[in-house]
Amino acid sequence: MVTDSPSNKPGEIILVRHGETAWSLTGQHTGTTDLPLTEHGEEQARAVGVALAGRSFSQVLVSPRTRAQRTADLIGFGQQAVIEPDLAEWDYGAYEGLTTPEIVAERGPWNLWTDGVPPGVTPGETSEDVQRRALVVLTRVRADVLVGHDVLLVAHAHIFRALAVAWVELPSTAGQILTLSTSTISALGYEHGQPVIAQWNAPAT
């Protein structure tokens, strides 16, 4: 159990989802496709920067995708950012670029978290695969959090949903109970020694 007395208060993991892209606007699954932010997405990211002004972080880890790296720049932490491959978004395989209604029309009832994506020529990940990557990231930052430092992660909706449920020790499929909008701020931390989701999907303004 973690002690969160005033003299030894743990830090937080701050999660910032990247700003809007053309595909986030249309609901297309965007895993490996490297899209830029829209003009509105850049405005959203700047608003996050205002909300985080004055904060300091011992680590700033960012997805390798351009949309996340640009968001890190616009919120003011690009120079400190380190690329973390395990923060890449879910690999949707053959479902890359498709919307959920399109996938359901093709195969019938479908849930990404429980059904994953089909194996084949373009295989993708399961929720267990994504949670394994999330756990690697948590292992990398947990020591800093335990000694009272805050950590900033800039990445994507599904990897963050997987990471949040991994933090509170829920199974990988539990990510389906969360939703996460573009350019929102979330926080993972401790309360009474237990890992908690302290804030979720909060708009910057």
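Predicted model: local features only at pLDDT ≥ 70, side-chain atom pairs only at ≥ 80, totals over all residues.
Show helix α2, residues 39-51, and you have both partners. They sit four residues apart, about one turn of the helix. Color by accessibility next.

Arg-70 has a relative accessible area of 31%, so it is partly exposed.

Stay on helix α2 for one more stop: Gly-49. Buried or exposed? Gly-49 is buried, because its relative accessibility of 13% falls under the 20% cut-off. Now pick Thr-71 and draw a C-alpha to C-alpha distance. Gly-49 and Thr-71 lie 22 residues apart in sequence and 9.1 Å apart in space.

Next, select Glu-84 and Arg-140. Their side chains meet in a salt bridge, at 2.4 Å from N to O. This pair links distant parts of the chain, 56 residues apart. Glu-84 is in the loop between β3 (82-83) and α4 (100-107), while Arg-140 is in helix α6 (residues 127-146). Compare the two ends. Glu-84 is buried, with a relative accessible area of 5%. Arg-140 is partly exposed, with a relative accessible area of 37%.

For a network, select Glu-12, Arg-55 and Asp-150. Salt bridges link these three residues. Across the whole structure, a search finds seven salt bridges.

Last stop: the largest pocket. Rolling a probe the size of a water molecule over the atoms shows where empty space is left. The largest pocket has a volume of about 300 Å³. It is lined by 20 residues, and the closest to its centre are Arg-17, Ser-24, Gln-28, Ala-157 and His-158. Select those five to center the view.

Then show α1 (22-26) and α7 (157-167). Each supplies at least two residues of the lining of the largest pocket. Which element gives the most to this lining? That is α7, with three residues. Finish by coloring the lining by class. Expect four nonpolar, twelve polar and four charged residues around the largest pocket.

Note on methods:
Residues numbered from 1 in each chain as written. Heavy atoms only, no water. Salt bridge = Lys/Arg side-chain N within 4 Å of Asp/Glu carboxyl O. Buried < 20%, exposed > 50% of the residue type's maximum accessible area, 1.4 Å probe, protein only. 1 Å grid on protein atoms, 1.4 Å probe; cavity = no way out; pocket = protein on both sides within 12 Å on 5 of 7 lines; lining within 4 Å. Points joined across faces, edges and corners; volume = space filled by probe spheres on them. Nonpolar A, V, L, I, M, F, W, Y, C, P; charged D, E, K, R; others polar.
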